[in-house]
Amino acid sequence: MILVNGKPKDSISVKDRSFQYGDGCFTTMLTVDGKIQNWPLHIERMEACLSLLRIKLPDWKVIEGWLNDIATTDPYAGLKLHISRGEGGRGYSATGANEPVVTVSSFPFPAHYLDWRENGVELGVCERRLGHTPMLAGHKHNNRLEQVLLKAEADESGYPDAVVLDINGHVVETTMANLFWVKGQKLYTPSMEHCGVAGTIRRLIIQDAKSNGLKVLVGDFELDHLNSADEVFMTNSVLGVAPVTKINNKAFPIGPITRRFQESQSS
């Protein structure tokens, strides 16, 4: 089901600035038995991007009501919240675009995610690289053309997903998830300072690790560092935590720290 500004609708104007320029942001959420998971964190990430873009903040209570209206009662399902600046302005100028358009939609939980959680997933490595966009780094804005190209490359290679590097050869993420890896008793994850999307589960994993005495290192790491890991896992808001069992020809065991994070995020 789809609601546009709270009303059932399946289209928006071609003058909408998200269609014209990707001017807006979005987030996807997991529901468990119809209940939205980590809703406050999704509000925070949306507010951060909307504030950066100088788009008027919505009434989150109203948005939550719309999301609850369309959420299914399935054990697991998904919701997407998309906010556009709306219509107005001339060219890139947003002057006069004062009425954001809020779209909420529901979608089934991807069935293969349960298999990924239990048995892990094998990743390729993309040849294409992410450019540095420090103004937008970390945010899930509506212009996702780099991810479209990267996912196409992963699909063509036969992998369900792939590791993505930046133009300097540093590991950033996969085409759809954040990456973590364990070496000894240290947890590593790439910085989102130059590019990439800082996911809600990424934030929870970092908080969980620190509160349980596991040292977390966030920084710029090359592929060799990732390939030398003891265990690797990936995260996003709908998938949760899934072990990575292979990157190209390098195999990784499903380790105890990965399983511990799976348990903490599912409880």
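Keep in mind that the model is predicted. Strand β8 (residues 161-166) has six of its six residues buried, so it is largely enclosed by the rest of the structure. Elsewhere, aspartate 23 is buried as well, and the structure holds 10 aromatic pairs.

**Strand β8 and its partners**

- On one side, β8 pairs with strand β7 (residues 121-130) in the parallel sense, over five bridges.
- If you want a spot to look at in that pairing, leucine 130 has aspartate 166 of β8 as its bridge partner.
- To get from β7 to β8, the chain passes through helix α5 (residues 145-157), and this β-α-β crossover is right-handed.
- β8 also pairs with strand β9 (residues 171-174), this time antiparallel and through three bridges.
- Here valine 164 sits opposite glutamate 173 in β9.
- β8 and β9 make a hairpin with four residues between them. In its turn, glycine 169 has a positive phi of about 85 degrees.

**Aspartate 23**

- You'll find aspartate 23 in the loop between α1 (17-21) and β3 (24-32).
- Its relative accessible area is 8%, which is under the 20% cut-off, so aspartate 23 counts as buried.
- The side chain of aspartate 23 makes a polar contact with the side chain of arginine 17, at 2.8 Å.
- Leaving out residues up to four places away in sequence, aspartate 23 touches Arg17, Ser18, Ile55, Ile83, Ser84, Arg85 and Asn142.

**Aromatic pairs**

- Among the 10 aromatic pairs is the one between tryptophan 39 and tryptophan 60, which is edge-to-face, with 6.1 Å centre to centre and 75 degrees between the planes.
- Tryptophan 39 belongs to helix α2 (residues 39-53) and tryptophan 60 to helix α3 (residues 60-70), so this pair ties together parts that are 21 residues apart in sequence.
- Phenylalanine 109 and tyrosine 113 are both buried.
- Ring pairs also join Tyr76, Phe109, Tyr113 and Trp116 into a cluster.

**Charges over rings**

- Lysine 250 lies over the face of phenylalanine 252, at 5.8 Å from the ring centre.
- Arginine 260 lies over the face of phenylalanine 261, at 5.3 Å from the ring centre.

Conventions
Residues numbered from 1 in each chain as written. Predicted model: local features only at pLDDT ≥ 70, side-chain atom pairs only at ≥ 80, totals over all residues. Heavy atoms only, no water. Buried < 20%, exposed > 50% of the residue type's maximum accessible area, 1.4 Å probe, protein only. Helix = DSSP H or I, 4+ residues; strand = E, 2+ residues; numbered from the N terminus. Pairing = 2+ DSSP bridges. Right-handed = clockwise from strand over helix to strand, strands pointing away. Polar contact = N/O pair within 3.5 Å; in protein donor to acceptor, adjacent residues only side chain to side chain. Contact = heavy atoms within 4.5 Å. Phe/Tyr/Trp six-rings, centres within 6.5 Å; stacked < 30°, edge-to-face > 60°. Lys NZ or Arg CZ within 6 Å of the ring centre and 35° of its normal.
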